[in-house]
Amino acid sequence: MEDTSVNNNQIPAGQSCEIPQERDGERTQLDGQNGVPLEKKEFVAPCVGMEFESYDDAYNYYICYAKEVGFRVRVKNSWFKRNSREKYGAVLCCSSQGFKRIKDVNRLRKETRTGCPAMIRMRLVDSKRWRVLEVTLEHNHLLGAKIQKSIKKMGTGTKCKLLSNSDAEVRTIKLYRALVIDAGGTWNSNSNARDIRNFSDNPNQLNLRKGDTQAIYNYLCRMQLTNPNFFYLMDLSDEGCVKNVFWADARSRAAGGYFGDVIFLDNTYLSNKFEIPLVAFVGVNHHGQSVLLACGLLAGETTESYIWLFKSWMTCMSGRSPQTIITERCKYLQNAIADVFPRSQHRFSLSHIMRKVPEKLGGLRNYDNIRKALTKVVYETLKPYDFEAAWAFMIQRFGISDHEWLRSLYEDRAKWAPVYLKDTFFAGMAAALPGETLNAFFDRYVHKQTPLKEFLDKYELALQKKCKEETLGDMESRNSCPTLKTRCSFELQLSKVYTREIFKKFQFEVEEMYSCFSTTQLHTDGPIIIFLVKERVLGEGNRREIRDYEVLYNRAAAEVRCICSCFNFNGYLCRHALCVLNFNGVEEVPSKYILSRWKKDFKRLYILENGSSNVDVTDRIEWFNQLYRSALQVVEEGVISLDHYKAALQAFEESLNRVHDVEEKA
């Protein structure tokens, strides 16, 4: 079965990309903006349910559509609120709508009105968006060539936006282009989107309910209108049915650049047979908060579908693969990751595995004791030899050597047991301590029966909430000084560098240095010294226990490494490593252990470190992506205060003037 990928990435005007599509030995070139075969390129027609952020957006869209089809537009009716005079409804129609009044019939001016029925009726709805409520596409007259001028009634500001130059006009028209899918999940540029129907369950296509395809269509249209760097791909079967969908909005794409080093692929909704077959790419931002990087809808759990999903990610993120990718245990995912991300470290989510313990082992005799023993083996062993010996003892003690799930788990131990993952960077998503979990990004927004249409509304609410949390975190980190709890120089040093939430976690490690009561030198091997740090910890039944931690230290290389591997798991040094540094008279944490991704100004640093010097000078798409990331950073900084806003606005105006100067000189 051949697949067709439909790419709707924003590409600069006049540019297209070739996506090889093999059909009976032939290749079809797809337009880089629409993914529609070039010979069948067509503007998206309006349909009931389309939504726009403002009246101007809706008006400009219909103007662009009319110019493409070959007719002119006028405003037939407008409705305003009595008190505020705020517009809340309008009808836009073909300029040939209606007939001349009787008293005007004898005038010499040529008759152009034919009673044409073409129109759209729209209204401001509760969400403060403008929604199309009624559409008539048919005209009763011949349509002319594409109109190059708009109607006389268009405002001066709108004319400037649409007609300032040909490039701007092309870009404006492209902004409103999107893929039209008929209600049966079939790709069809001529379909009537109001013809909604159910279709049967099919493993080779998304199992959508009535209205779901319309909801996807509305969402993609709206995002293209309001989100300049919005990206999506659609995977179609030979019959034209939608199999898989991938999308990432502008903020998610930017976050993928900042925080795409470690990814958790959350397929909980797909594997647990939720109403929506959702897969989410989730990362961790500089505050330790979960951040959405991309989303997908898959027809089923197969190696083929996951390969398509990961290749879509690579296209969206300009070929950048993650350093670490965390997933549930799944052979299809394992095969797909090996195929698409061969250089990435693939690890299984420990929290997902431990969450399945009651389901997999709950029926065994002595379940409570088995669970406690398993927890101790997983979380308390520090060396592979200790893990394997403790596992063998547990299996023998409870007589569970023939348990299939435990047997397969042990075979995969190098991909999930913390004792084997000490060289893997997790950015705080290792969940390597009891009670730590990786929660689903949409945990509070999606339940098993949540329909797709409802999810698409909640999706934006979830992103807005997360965006607000990140903005508040930025403001708190920059505008407040954390309270110091010790006299340790490490605490003072990193209080000026880390974001507030990350500093709290590091501060806890500094406080816990006082539970480490002995630091002694074990042996020396050239410049490397092995220290033993003893720590008092709370064990089972709140009993005090003493645990030994080996710490490697190399003064010449400014290297310190603890057997607990806190740095690779969480991205900051542990209490044991800090004790060894302190023991050796080191007063500052070495710079190699202060990760940029946890710094207050990380995004600013990222733009500087990954600036124009790393961009391909021949690739316009890379230009666009780099410019967008830089501009987005100015936007995020600009909302901190009114002064920030004014400075950012002035900077944009000055930048635009400088760009115009370049154009005039050319």
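How many residues does helix α14 (residues 452-479) have, and how far does the helix reach from its first C-alpha to its last? Helix α14 has 28 residues and reaches 40 Å, close to the 40 Å expected at 1.5 Å a residue; the expected span is 1.5 Å times one less than the number of residues.

A quick word on ground rules: this is a predicted model, where local features need pLDDT of at least 70, side-chain atom pairs count only at pLDDT 80 or more, and totals for chains, interfaces and linings use all residues. Residues are numbered from 1 along each chain as its sequence is written, and side-chain values use heavy atoms, with hydrogens and water left out.

**The chain overall**
- The secondary structure comes to 21 helices and 19 strands, taken as DSSP runs numbered from the N terminus (helices are H or I with at least four residues, strands are E with at least two).
- Of the 666 residues in the chain, 50% are buried; buried means under 20% relative accessible area, exposed means over 50%, and partly exposed is in between (1.4 Å probe, protein chains only).
- Take the contacts between residues at least 6 apart in sequence, and 60% of them join residues at least 24 apart; a contact is heavy atoms within 4.5 Å.

**Helices**
- Back in α14, the buried residues include Leu452, Phe455, Leu456 and Tyr459, and also Glu460, Glu470 and Asp474.
- Helix α11 (residues 367-380) has 14 residues and spans 19 Å from first C-alpha to last, close to the 20 Å expected.
- Buried in α11 are Tyr367, Ile370, Ala373, Leu374, Val377, Val378 and Tyr379.
- An α-helix has 3.6 residues a turn, so residues three or four places apart point the same way.
- Those buried α11 residues pack against α9 (350-355), α10 (357-361) and α12 (384-398).
- Helix α18 (residues 575-583) is mostly covered, with 7 of its 9 residues buried, among them His576, Leu578 and Cys579.
- The packing partners of α18's buried residues include helices α15 (489-495) and α16 (500-511) and strands β17 (528-538) and β18 (544-554).
- Glycine 585 follows α18 and has a positive phi, near 75 degrees.

**Asparagine 285**
- Asparagine 285 sits in the loop between β12 (278-284) and β13 (290-297), and counts as buried because its relative accessibility is 1%.
- Leaving out residues up to four places away in sequence, asparagine 285 touches Phe259, Val291, Glu470, Arg597 and Trp598; Glu470 is also one of the buried residues of α14.
- Asparagine 285 and alanine 427 are 142 residues apart in sequence, yet 9.2 Å apart in space, C-alpha to C-alpha.

**Cysteines**
- The disulfide count is 0, going by a pair of cysteine sulfur atoms within 2.5 Å.
- Cysteine 488 is buried at 12% relative accessibility, and cysteine 47 is buried at 6%.

**A nonpolar patch**
- Val634, Val635, Val639 and Phe652 make a nonpolar surface patch of about 290 Å².
- Phenylalanine 652 lies in helix α21 (residues 642-665) and is partly exposed, with a relative accessible area of 35%.
- Patch residues have over 30% relative accessible area and no salt bridge, with nonpolar side chains (Val, Leu, Ile, Met, Phe, Trp, Tyr) joined within 5 Å and like charges within 9 Å; a salt bridge is a side-chain nitrogen of Lys or Arg within 4 Å of a carboxyl oxygen of Asp or Glu.

Conventions. Areas by Shrake-Rupley, 256 points an atom, 1.4 Å probe, with all protein chains shown as cover.
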